[in-house]
Amino acid sequence: MAYNTKYRIEFKDINGKEVTVNINSLNYTNEVIYIDKLSDAPLQIIVNGDGQDKYVTFKTSEVNLSLLSEVDYQYFEFSNFEEKQYTMEIFLDGLIKWKGFIVPDNYRESYDTVPYYVSLVATDYLSTLKDYDFADAEGNYDFGHMTPLSIIIFCLNKLEMDIDIWDGTNVFPE
C-alpha cells in the first residue's frame, strides 16, 4: 500500500507556528491539491482519557478538520469510501505531531447554499487494537521471547500506519 499526498493545508496556529495537514490517499498519483479555505478554528486534536492519570499507557486521539466548501459537494469524496483509504498527517513546524485514518462514516456537510463548512474526522485507530489477534500473518501465536518494545512495535504495525517508533530508554540529557 502506498499513500501519497492528495490534499495539503497550510496555516499558522494561534501561537504563530506553521501547521501543515496532509490528506493522503491510497495509490494517489496526481499533483497535490492545496486547500486554503478553512474555518476560523480549522483543526482540533482531541486526546481521550483523563489527562491527570499518569498510569494510562495508551490514550486514543482523534482530529476534527473543518474545511470551507465553495462549491456544492466539493469534498463529497469523503462521504463514502473504503476504510483506510485516506490518512491524515499533522505537522507542527515541520515535525510530525499526529497521524491517523480519516473515518468514512463521520463526514458532515450542511445542506445550505455555498459557502458552507465540511467536517472530517480522523482517528489514530489505537482503539481498534483490541480487535486484532496477537498472531502473525499465518495465524501463529508462538513468538518465542519478545521484548516489551518488540511487542509494542508488533501490535502497532497491525494498524498499517507506517509509524516511526523511537526508543528513548536510558537516554539522559547531557
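Leaving aside its neighbours within four places in sequence, which residues is leucine 120 in contact with? Leucine 120 is in contact with Ile23, Val63, Asn64, Leu65, Leu67, Phe78, Ile102 and Tyr107, where contact means heavy atoms within 4.5 Å. The model is predicted, so that local features need pLDDT of at least 70 and side-chain atom pairs count only at pLDDT 80 or more, while totals for chains, interfaces and linings use all residues. Residues are numbered from 1 along each chain as its sequence is written, and side-chain values use heavy atoms, with hydrogens and water left out.

**Nonpolar cores**

- The largest nonpolar core has 24 residues, and those with the most contacts inside it are Phe78, Ile102 and Leu120; such a core is a set of buried Ala, Val, Leu, Ile, Met, Phe, Trp, Tyr and Cys residues joined through side-chain atoms within 4.5 Å.
- At least two residues of this core come from each of strand E1 (3-12), E2, E5, E6, strand E7 (95-102) and E9, and E9 gives the most, with four residues.
- Apart from this core lies another, of six residues, among them Phe101, Tyr125, Leu126 and Met161.
- In soluble globular proteins, nonpolar side chains tend to be buried together.

**Strands and their pairing**

- Strands (E, at least two residues) and helices (H or I, at least four) are DSSP runs, numbered from the N terminus.
- Strand E4 (residues 38-47) and E5 run antiparallel and are joined by six bridges, with leucine 43 standing opposite leucine 65 in E5; two strands pair if DSSP finds at least two bridges between them.
- E5 and E9 also run antiparallel, joined by eight bridges, and here valine 63 stands opposite alanine 122 in E9.
- E5 is mostly covered, since eight of its nine residues are buried, where buried means under 20% relative accessible area, exposed means over 50%, and partly exposed lies in between (1.4 Å probe, protein chains only).
- Threonine 87 lies in strand E6 (residues 86-92) and counts as buried because its relative accessibility is 3%.
- Beyond its neighbours within four places in sequence, threonine 87 is in contact with Tyr3, Asn22, Ile23, Asn24, Gly100, Phe101 and Ile102.

**Aromatic rings**

- The structure holds seven aromatic pairs, which are rings of Phe, Tyr and Trp (its six-membered ring) with centres within 6.5 Å; planes under 30 degrees apart count as stacked, over 60 as edge-to-face and the rest as tilted.
- Phenylalanine 78 and tyrosine 86 form a tilted pair, 4.8 Å centre to centre with 55° between the planes.
- Phenylalanine 78 counts as buried because its relative accessibility is 1%, and tyrosine 86 counts as buried at 6%.
- Ring pairs link Tyr7, Tyr75, Phe78, Phe81 and Tyr86 into a cluster.

**Loops and backbone features**

- Proline 115, in the loop between strand E8 (108-109) and strand E9 (116-123), is joined to valine 114 by a cis peptide bond whose omega is about -5°.
- Asparagine 27, in the loop between strand E2 (18-26) and strand E3 (33-35), has a phi near 60°, a positive value in a residue other than glycine, and counts as exposed because its relative accessibility is 53%.
- Tyrosine 73, in the loop between strand E5 (61-69) and E6, has a positive phi, near 60°.
- Tyrosine 141 is found in the loop between E9 and helix H1 (148-157), and its relative accessible area of 53% makes this residue exposed.
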